[in-house]
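Q: Please take a close look at the sheet in this model. How is the sheet put together, and what packs around the sheet?

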Amino acid sequence: MNEHGNAWMAVVNVFAASKKAGSLWKNIELELDIPDRINVVADHDAMFQVIYNLVDNALKFTPDGGYIAFNVTEDVQSGFVTVKIRNS
């Protein structure tokens, strides 16, 4: 895995840690739909901050007993990666 792939996995791992911590105190159901491997060429710090902010907001505004779904898809043909976070 190249440097950019490692950056992506770091962001995913932070999300996983954050969601686990948030779900413990709010009884939030969590759903992750992330490919095993994905290539992303992006600024690690900027990507981390965007994902962190989205997850932080989802945790803050998801009611007790709600859910957060995190989905990542890659369109190899276009070269785009889509990140979706939805909550109840």
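A: Here is the sheet, strand by strand, and then the core. This is a predicted model, where local features need pLDDT of at least 70, side-chain atom pairs count only at pLDDT 80 or more, and totals for chains, interfaces and linings use all residues. Residues are numbered from 1 along each chain as its sequence is written, and side-chain values use heavy atoms, with hydrogens and water left out.

Three strands make an open sheet, ordered 1-2-3, with mixed pairing. Strands are DSSP runs (E, at least two residues), as are helices (H or I, at least four), numbered from the N terminus. Two strands pair if DSSP finds at least two bridges between them. Strand 1 (29-33) and strand 3 (80-87) are the edges, each pairing on one side only.

Strand 2 (residues 67-75) and strand 3 run antiparallel, joined by eight bridges. Val72 faces Val83 in strand 3. Asp75 has Phe80 as its bridge partner.

Helix 2 (residues 44-61) lies across strand 2 and strand 3.

Now the core. The largest nonpolar core has 11 residues, among them Ile51, Val55, Phe70 and Val72. Such a core is a set of buried Ala, Val, Leu, Ile, Met, Phe, Trp, Tyr and Cys residues joined through side-chain atoms within 4.5 Å. Buried means under 20% relative accessible area (1.4 Å probe, protein chains only). Helix 2 and strand 2 each supply at least two core residues. Helix 2 gives the largest share, five.

Technical notes:
Contact means heavy atoms within 4.5 Å. Axes are lines fitted to C-alpha atoms, for helices over the stretch in contact, and angles run from 0 to 180 degrees between N-to-C directions. Buried means under 20% relative accessible area, exposed over 50%, partly exposed in between (1.4 Å probe, protein chains only).
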